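Subject: Structure handover

Hello,

Here is the structure I promised to pass on. My notes follow below it.

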Amino acid sequence: MNEFIRLVLLQDPNTRVVLAGAGLLGVCAGVLGVFVVLRRRALVGDAIAHAALPGIGASFLIFGERNVVALLAGAFVFGLLGVLCIAAIQMWTRVKEDAALGIVLSSFFGLGLVLSRIAQSTPGGNKAGLDGYIFGKAASMVQSDVLVIALVAVTTLVVVAFFFKELRLVCFDRSFAASIGRPVGMIDFVLLALVCVCVIAGLPAVGVVLTAALLIIPAAGARFWTDRLGYLVFIAGLFGAGAACIGVAMSAALPIPAGSRGWPTGAMIVLAAAAIFMVSMLLAPQRGVLAAVARRVAFKRKMSLEHVLRAAYEVTEDRKPGGFSWSINEIVRHIDGQAGLQRIINRAVRAGLVKKYIHGTRAGQYTLTDDGAIEATRLVRAHRLWEHFLIRHADIAPDHVHRGADELEHILPTEMIRAIELELGSTLPPAPPSPHQVVQGVRLEGNP
Amino acid sequence: MSISVEVHDMTVAYHRRPVLWNVDVTLPSGVLIGVIGPNGAGKSTFLKAVLGLVPIASGWAKVLGQPLSKVRTRIGYIPQRESVDWEFPVSVKDVVLMGRYGRLGWVRRPGPEDNKAAMLALSTVGMETYSQRQIGQLSGGQQQRVFLARAIAQDADVYFMDEPFAGVDAATEAQIVEVLRGMRARGKTVLAVHHDLQTVAEYFDYVVLLNMRLVAAGPTSDVFTKENLHKTYGGRLTLLVDAAEAVRTATAKQIL
């Protein structure tokens, strides 16, 4: 607990260093991830990270000591080599991109594992140090690591800020970008090189296996919150930083299981990112799953209410004034039963669309209020006009049109109803009856 | 009459398989030109090759009498609507502003003048009220009109449009034709890939009939004849197709 408080208050200078490094890395990966994901290149980061491992092993074998610059340089060279291999396989054979990616990713990773095993057996080979590159060990970050990450993050942000317009153009519409003379291949390459540098800078903290997640998950999660690329980049950067810091903090603060060498930071960061993604997916106001469910429920409620209004109109439409009241049973018979009908009618009463008679001979019966009658007339009109339209102009049999109209009456916009009226105008009798056997003697007013 | 596009002995290949053979054609400016032909005839490829978007295997193409790199800002292009991701996080106005990027150059952001041009272009196609919408919320016809607005914002002299009428409703089609005629009235040239043979004579002054090679090109009244259409559509050019296939397999064998 004490340790946790120290961590939260950033009392430990080492924690400050590690958090700063992880946060900057998260911003950088989140921002780049937006463009990578939009370019449908999400898995390239994964390939780069895995392909980088043999570079680390090789530079360890050559330079012996754990020389950070040499290790990262080796990783960078092999990461790019992996990307080039993917491109080459696609260009010269019939192997498709996903397969080429899988081949390169796993082969390079295998080679990397073998090389690091050899490196570990050499004198001075530090087992833990190399394993850290596979699963990530943010706690071992030192100030020079953070400086490297800071440099990468600043470079990335500057490039993205300056060439935001070009990146957006190339990601959205490559051929148009090429048609106005932008070197799309070069812009793609710069993006790829930035991804490569970012992934390599992140390797010591997050590890080979999970670095790609830091590119993909924040960007994908941020997409739930906005439709604007600028905000998307900002939110993804924020999510990336948040995930990285939370992951680092958790792996430092959670009690370590007995006998283990500590939590894998990469895994903690990815889990934090996944949690942020889950929250975004569920709770985002427009595109979130819960918002979609709520919209569907609201529409269902509106639909059932409108069905009752239309039924109330139809059961009373050939009656004389004074006879417009109806009972629940009539509605049930008319719309062939409906669960929760009483509740729907109560809702209509509360909305001022239906009135309930309390006293007199009609006690217990209902009638449409003026507002309710207007609304019901509108619905019946939309429903029947659509049915007539289908029969006249789409040659659909009269007994087939009801179900479709049942759904469309709730969503037909006014302009479309007008258009149908005009379309049917000359051939339609002034009072269009229902075209099928449910109701007869319909009178609609206001025919154009 | 000045020349908009000049193509000399142009052959284009995809993955070494030729799709257009030895096209020679010279097109006038200030007219609406329909590029007509069956599926797989190389119509889109023809536009892309002239624009330098796909490599030319042999021959050359000039626009406005000059090599392409000299006249980029005088060229407008509308790719096929399906070629982009309409879920992409940009607004209608963002897309139209892309039409200004050519003159803006690198790094510089669109200014008030570009905004004005974009809004004017949107109102020309009747979409100004949609400027802040995300492009995925538009219907197919509206999306096509946004692309047209982007082309208008480019204020180019020669336009290349890949199937501008694909998947649009009748009202939108009429509106697009109106815009194209407005462009012609201002002396601009439009090359449009077109599918509906019924409307060719009504829409276009000039036609280019393609089927893996140039069948005919000229004023619609002279060239859009039964005989030429039969040459373009009737009788698959089995020999050309077979030859292309042979070229591809031969090169493939050498590599593999």
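Which helix of chain A gives the most to the lining of the largest pocket? Helix 4 of chain A does, with 7 residues.

Before the rest, the ground rules. This is a predicted model, in which local features need pLDDT of at least 70 and side-chain atom pairs count only at pLDDT 80 or more, while totals for chains, interfaces and linings use all residues; side-chain values use heavy atoms, with hydrogens and water left out. Residues are numbered from 1 along each chain as its sequence is written, and chains are lettered from A and ligands numbered from 1 in the order in which they are written.

The pocket

The largest pocket holds about 860 Å³ of space. A pocket here is an open set of points on a 1 Å grid over the protein atoms alone, where a 1.4 Å probe fits, with protein on both sides within 12 Å along at least five of seven lines; lining residues have an atom within 4 Å of a point. Grid points are joined across faces, edges and corners, and the volume is the space filled by probe spheres set on the points. The lining has 23 residues. Nearest the centre are A:R41, A:A87, A:M91, A:R174 and A:D188. Both chains take part: helix 4 (68-92) and helix 10 (184-206) of chain A and strand 1 (3-14) of chain B each supply at least two lining residues. Helices (H or I, at least four residues) and strands (E, at least two) are DSSP runs, numbered from the N terminus. By class, the lining splits into 14 nonpolar, 3 polar and 6 charged residues. Nonpolar means Ala, Val, Leu, Ile, Met, Phe, Trp, Tyr, Cys and Pro; charged means Asp, Glu, Lys and Arg; the others, Gly among them, are polar.

The cores

The largest nonpolar core has 125 residues. Such a core is a set of buried Ala, Val, Leu, Ile, Met, Phe, Trp, Tyr and Cys residues joined through side-chain atoms within 4.5 Å. Buried means under 20% relative accessible area, exposed over 50%, partly exposed in between (1.4 Å probe, protein chains only). A:F35, A:L203, B:L148, B:M161 and B:L180 touch the most other members. Helix 10 of chain A gives the most to this core, with 14 residues. Apart from it lies another core of 32 residues, including B:V31 and B:L210.

Chain A

Chain A has 19 helices and 2 strands. Of its 448 residues, 47% are buried. Helix 13 (residues 265-283) has 19 residues and reaches 27 Å from first C-alpha to last, close to the 27 Å expected (1.5 Å times one less than its number of residues). Its buried residues include A:M268, A:I269 and A:V270.

A:D173 sits in the loop between helix 8 (164-172) and helix 9 (174-179) of chain A. Its relative accessibility is 1%, so A:D173 counts as buried. Neighbours within four places aside, A:D173 is in contact (heavy atoms within 4.5 Å) with B:P79, B:V84, B:F147 and B:R150.

Chain B

Two backbone angles to check. Most residues other than glycine have a negative phi. B:N22 has a positive phi, near 40°, and B:E163 has one near 50°. B:N22 is in strand 2 (residues 17-28) and is partly exposed, at 42% relative accessible area. B:E163 is in the loop between strand 6 (158-161) and helix 6 (170-185).

Best wishes
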